[in-house]
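Please read the points below with the model open.

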Amino acid sequence: MPNIQMTRRGLLVSAAAAAGARAFAPAAPTEFQIACMTLPYGNAPFERALSGIASAGYRYVAWGPYQGIDGKRAPLLEPGAPASAARQLAARTRDAGLEPVMMFAVTYVEAPEALKDFRSRIEQAVAARIPYILAFGNTRKDMRDTWIRNLKAIGPMARGAGVTVAIKQHGGTTATGTMCAEIVEAVADEGIKMFFDAGNNAWYAGADPIPDAQRAARHIRGFAIKDYRGFPQRASCGPGFGEIDHYKLLAPVAQTGLKMPLAFETITEPYVPRPSSPEGVDRLARNAREYLETVVAGLQAALAAPKKG
């Protein structure tokens, strides 16, 4: 991972950000919804992804952008598909014993068709009763103004429908949590928030995600969970295999009183080949769930315990 040693000024800034997060949060534990995206099962049929996630002990799922169909990857749900198609996918999901909590926007925020496709995506989310749409895109510096303009138009659509569009770290002008928070603040609409992707924070910006999570805490409504290793070489990996301290990562939003998805985007082991079968993915999905359940239980117990001394 990038060097996370902080200067005295950096420590003071982080402490101030943490204090701001605590002041924002009501005194109630966050209901963390540990979910697995169907993305790690992208080569398998949708039903196999659902059965694998359910058998790995999950209650919640997030729909990935594509799925294996007839031996090929195909879009799970086209942006322009009728809302009834999303309703049917949601019924299949709930029949498998899983509650869908997030879906990918697919269309990039800056795309010419963004407003049309996001309107359709919001209608799909309403039909499926999915609260969050995950959004990202081309993040060149010259796209930032387009992002803010489009998100200002998308925000009222989402808010009016009771849906939240959440941006996340994806390099460029969204490389860090702080940069995403600044975009959310420029848009200034409750329909636009963010999911925090700590792995991407380290991967794209070489930046420690912990102070960024503190800075962005009041805008965070969920997490796209992946870890990061910088040694012996750079690698994106599943939680617990990398260098990110998930206790510290989740602490700034552990007492918001909100429901907050923790959706696994990457569950792979670093440096070794990815599983070639869905059964291998099942094992990794179970490992990821058990790890994060341990973190959440321990963190919330520690925060609820009387202070010593």
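1. The coordinates come from a predicted model. The remarks below should be read with that in mind.

2. Two packed helices are described by the angle between their axes and the distance between the axes. For helix α3 (residues 83-95) and helix α4 (residues 114-128), the angle is about 40 degrees and the axes lie 8 Å apart. Angles under 35 degrees count as roughly parallel, and α3 and α4 are therefore oblique to each other. Their crossing is right-handed.

3. The contact between these helices draws on Ala 83, Ala 86, Arg 87, Ala 90 and Arg 94 from α3. On the α4 side, the partners are Glu 123, Gln 124, Ala 127 and Ala 128. By class, the contact of α3 with α4 comprises five nonpolar residues, one polar residue and three charged residues.

4. Helix α5 (residues 144-161) packs against helix α6 (residues 177-187) at an angle of about 50 degrees, with 9 Å between the axes. This angle makes α5 oblique to α6. The crossing of α5 and α6 is right-handed.

5. Which residues bring α5 and α6 together? Helix α5 contributes Arg 144, Trp 147, Ile 148, Leu 151 and Lys 152, which meet Glu 182, Ile 183, Ala 186 and Val 187 of α6. Six residues of this contact are nonpolar and three are charged, with no polar residue.

6. Rolling a probe the size of a water molecule over the atoms shows where empty space is left. Across the whole structure, the search finds one cavity of 30 Å³ or more, and the volume of the largest cavity is about 40 Å³. Its lining consists of Trp 63, Gly 64, Pro 65, Leu 76, Leu 77, Met 103, Phe 104 and Arg 121. Six of the lining residues are nonpolar, one is polar and one is charged.

7. The largest pocket holds about 720 Å³ of space. It is lined by 32 residues, of which Leu 39, Pro 40, Glu 265, Thr 266 and Arg 274 are the closest to its centre. Helices α7 (198-205) and α10 (278-304) each supply at least two residues of the lining.

8. How does the lining of the largest pocket divide into nonpolar, polar and charged residues, and how many fall in each class? The lining has 17 nonpolar, nine polar and six charged residues.

How values were computed: Residues numbered from 1 in each chain as written. Predicted model: local features only at pLDDT ≥ 70, side-chain atom pairs only at ≥ 80, totals over all residues. Heavy atoms only, no water. 1 Å grid on protein atoms, 1.4 Å probe; cavity = no way out; pocket = protein on both sides within 12 Å on 5 of 7 lines; lining within 4 Å. Points joined across faces, edges and corners; volume = space filled by probe spheres on them. Nonpolar A, V, L, I, M, F, W, Y, C, P; charged D, E, K, R; others polar. Axes fitted to C-alpha atoms, helices over the stretch in contact; angles between N-to-C directions. Helix = DSSP H or I, 4+ residues; strand = E, 2+ residues; numbered from the N terminus. Parallel < 35°, antiparallel > 145°, perpendicular 65-115°, else oblique. Left-handed = near helix turned anticlockwise from the far one by under 90°. Contact = heavy atoms within 4.5 Å.
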